[in-house]
Every structure is written in C-alpha cells, then in structure tokens.
Amino acid sequence: MFDLHRLRLLSELKRRGTITAVAGALNYSPSTISQQLARLEAEAGVPLLEPAGRRVRLTPQAEILVAHADIVLRQLEAAESEIARSLTHLSGTVRIAAFQTVLLALLPPALAALRAAHPGLRVELIQAEPHVALPKLLAHDVDLVVAEEYPGHPLPRPPEIAYQEVCRDIMRIALPPEDRGAGPADVWERVAARPWIAEPPGAASREWVRELCRHAGFEPDIRYATDDLLVHRRLVADGHAVAILPDLLWLDGHRPRPVLVGIPGGPHARRIVTACRGDHAGHPAIRASRTALVDAAATTRDPASGRRGGAAR
C-alpha cells in the first residue's frame with residue numbers, strides 16, 4: 001500500500017519541478033520532502049527520482065505512479081464534493097484567484113452575497129492574472145479562478161479544468177475628455193496617431209488591441225505598458241494616451257472621465273469565466289461562489305447608458 005500523502009508529494013514534484021518549490025507551496029522543509037519521497041521509493045521498491053544537474057527528475061516508474069496517483073486524488077476530491085453536498089450547512093474554505101477589475105467590480109457584491117447566504121463559509125482571495133492563476137488551480141493552490149478570454153485568444157483547455165461563463169464584458173475605446181463628441185464613425189481616425197496604453201507584451205488583451213487596430217488600417221503606437229488598468233484609466237483621463245478598456249473598470253464607483261466609444265463593428269466583448277478542477281465543480285462552495293459572481297455581473301450598470309446588465313450581455 002502506498003501512503004497517500006507521499007503520493008501527493010510526488011505528484012506535486014512533477015507539477016512544480018523542484019523539491020524547493022514543493023516545500024514552499026506545502027509549508028515543509030526541503031529535507032522533509034526528500035525524506036518522505038525516499039520512504040515512497042522504499043514502498044515502491046524502485047527508484048523514483050534521478051539526478052538532473054542540480055535538480056532531480058522523475059524516473060519512468062515514478063511517472064507511472066504519478067498518473068495513477070492523480071486519478072486517486074481526483075476521486076478523493078470528487079468524494080469531498082459529494083460529502084459537502086450531503087450537508088445542510090455550507091462551511092469550510094474556498095480559495096479564489098481573480099484579476100484586478102473583477103476584484104474591484106464583482107467580488108465585493110459577490111462576497112456580500114456569500115456572507116449573507118453562507119456565514120460558515122470562509123472565502124480567501126488573491127489577485128492573479130489568468131496565466132498565473134490557472135497553474136495555481138492545477139497545483140491545488142486555489143479552488144476557483146476568475147479569468148478573461150479575448151476574441152481569437154482562447155484560454156488553455158486542459159481536460160482537468162471546467163469553465164463556466166460569468167458574463168460578457170463590453171470593451172470600448174477610451175479617449176481623453178477633450179474628445180467628447182467622438183463616435184464610432186470617426187474614432188479610428190482620432191486614435192490612429194495617438195499614443196496608446198496597453199498591457200505588457202504577450203498579454204492576450206494587447207494582441208487583441210493590435211489586431212483591431214491593424215484591421216482598421218494602422219499600427220498602434222503603444223508607448224505605455226502595464227497590467228494595472230487603473231493606470232490605463234488615469235493616463236487616458238489625463239490626456240496622455242488612448243486605450244481599449246472594459247466596462248467592468250467603471251463599476252467601482254468611479255465616474256468615467258474619459259470618453260467611451262463603442263468599437264466599430266461591435267459590440268466587442270471579452271468573456272469573464274470561472275475555472276475550477278473538474279472533479280471539484282460539484283462542490284457546494286464552488287457552485288455558491290460561481291452563482292454569486294454571475295448574480296453580481298447581472299446587476300452591474302452600463303457606464304455608457306446607465307442601464308443595468310451592461311457587462312453581462
């Protein structure tokens with residue numbers, strides 16, 4: 001019989017790459033991890049690790065063991081979900097990773113709804129972009145990820161992850177206040193020669209913005225790069241740049257100072273989605289969290305018109 005805890009450590013080593021990373025993630029010392037893996041080798045009766053420079057790597061036999069261990073761990077997670085569904089009151093902890101605009105706009109009302117409906121549920125939040133948060137989900141560091149998906153730039157779809165849409169977040173061209181009166185008919189002409197602000201190179205949103213501008217016949221002059229959309233908002237409001245910004249950015253109580261113009265040929269929107277491990281999708285805490293986020297999105301206001309539900313179309 002194999003010790004389940006040690007199997008989990010071996011699986012984590014395959015996922016994280018180094019014993020130091022496993023130790024840091026699970027709050028153990030590296031020597032403790034090494035000792036536990038040595039005991040697992042004794043249980044297996046075959047070498048599980050071999051030197052690879054200053055690191056170690058899994059042997060072919062360890063890869064076989066990890067494949068079976070992952071099946072067992074997924075089954076246990078499914079059992080945990082089933083047990084939780086059998087209980088009358090929802091308790092425990094759900095760990096959520098989300099990016100900035102969701103933390104500002106959707107999580108506050110979602111947290112209020114969860115606190116009112118499930119006072120025994122502990123919610124922990126971290127801010128993380130999808131490319132960081134999704135690996136954390138697979139590593140069991142978080143239970144639910146709120147991510148964004150841009151047209152033509154789909155999120156990774158590994159079989160272990162189950163996605164669910166929260167809302168469609170309308171994207172608009174944001175210009176400085178002096179451009180009041182601009183509309184879709186002349187907006188590309190107005191922004192073609194302006195400085196732009198976008199997310200850093202490699203971000204799906206930046207590539208999508210470049211594709212839109214190229215389709216309109218010009219290359220955007222991206223002078224400023226940051227993944228902090230509050231900085232985007234400020235530089236546009238102060239007249240230093242133009243940008244394409246999401247409606248959720250204006251749902252933190254901040255009145256839009258920039259001029260917001262619909263993207264020609266639109267509406268254009270990014271998808272806001274939640275992601276969880278597939279065997280955890282039925283857990284009541286995951287279902288309650290997803291419902292709270294969808295409900296929060298359904299009550300948001302369209303910054304251009306003031307109508308409810310602008311971000312959730």
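Trainee: Why is Thr-274 called buried in this predicted model?

Mentor: Its relative accessible area is 0%, and buried means under 20%, so Thr-274 is buried. The residue lies in strand E11, residues 268–277.

Trainee: What makes the link between Thr-274 and Arg-290 a polar contact?

Mentor: The side chains of Thr-274 and Arg-290 are joined at 2.8 Å. The cut-off for such N or O pairs is 3.5 Å, so the term polar contact applies. Among the other residues that Thr-274 touches are Leu-144, Ala-162, Tyr-163 and Leu-293.

Trainee: How do you know that the charged end of Arg-157 sits over the ring of Tyr-163?

Mentor: The charged end is 4.4 Å from the centre of the Tyr-163 ring. The distance limit is 6 Å, and Arg-157 is listed as sitting over that ring.

Trainee: How many aromatic pairs are counted?

Mentor: The count comes to 3 aromatic pairs.

Trainee: Why is the pair of Trp-196 and Phe-218 called tilted?

Mentor: The planes are 35° apart. Stacked needs under 30 degrees and edge-to-face over 60, so this pair is tilted. Centre to centre, the rings of Trp-196 and Phe-218 are 6.5 Å apart, and the limit is within 6.5 Å. The pair links distant parts of the chain, with Trp-196 in strand E7 and Phe-218 in the loop between helix H9 and strand E8, 22 residues apart.

Trainee: Are Trp-196 and Phe-218 buried or exposed?

Mentor: Trp-196 has 0% relative accessibility and Phe-218 has a relative accessible area of 13%. The cut-off is under 20%, so Trp-196 is buried, and so is Phe-218.

Trainee: Which residues do ring pairs link into a cluster?

Mentor: Trp-188, Trp-196 and Phe-218.

Conventions: Residues are numbered from 1 along each chain as its sequence is written. This is a predicted model: local features need pLDDT of at least 70, side-chain atom pairs count only at pLDDT 80 or more; totals for chains, interfaces and linings use all residues. Side-chain values use heavy atoms; hydrogens and water are left out. Rings of Phe, Tyr and Trp (its six-membered ring) pair if their centres lie within 6.5 Å; planes under 30 degrees apart count as stacked, over 60 as edge-to-face and the rest as tilted. Helices (H or I, at least four residues) and strands (E, at least two) are DSSP runs, numbered from the N terminus. Buried means under 20% relative accessible area, exposed over 50%, partly exposed in between (1.4 Å probe, protein chains only). A charge sits over a ring if NZ of Lys or CZ of Arg is within 6 Å of the ring centre and within 35 degrees of the ring normal. A polar contact is a pair of N or O atoms within 3.5 Å; within protein, one must be able to donate a hydrogen and the other to accept it, and residues adjacent in sequence count only if both atoms are side-chain atoms. Contact means heavy atoms within 4.5 Å. Lists of a residue's contacts leave out its neighbours within four places in sequence.
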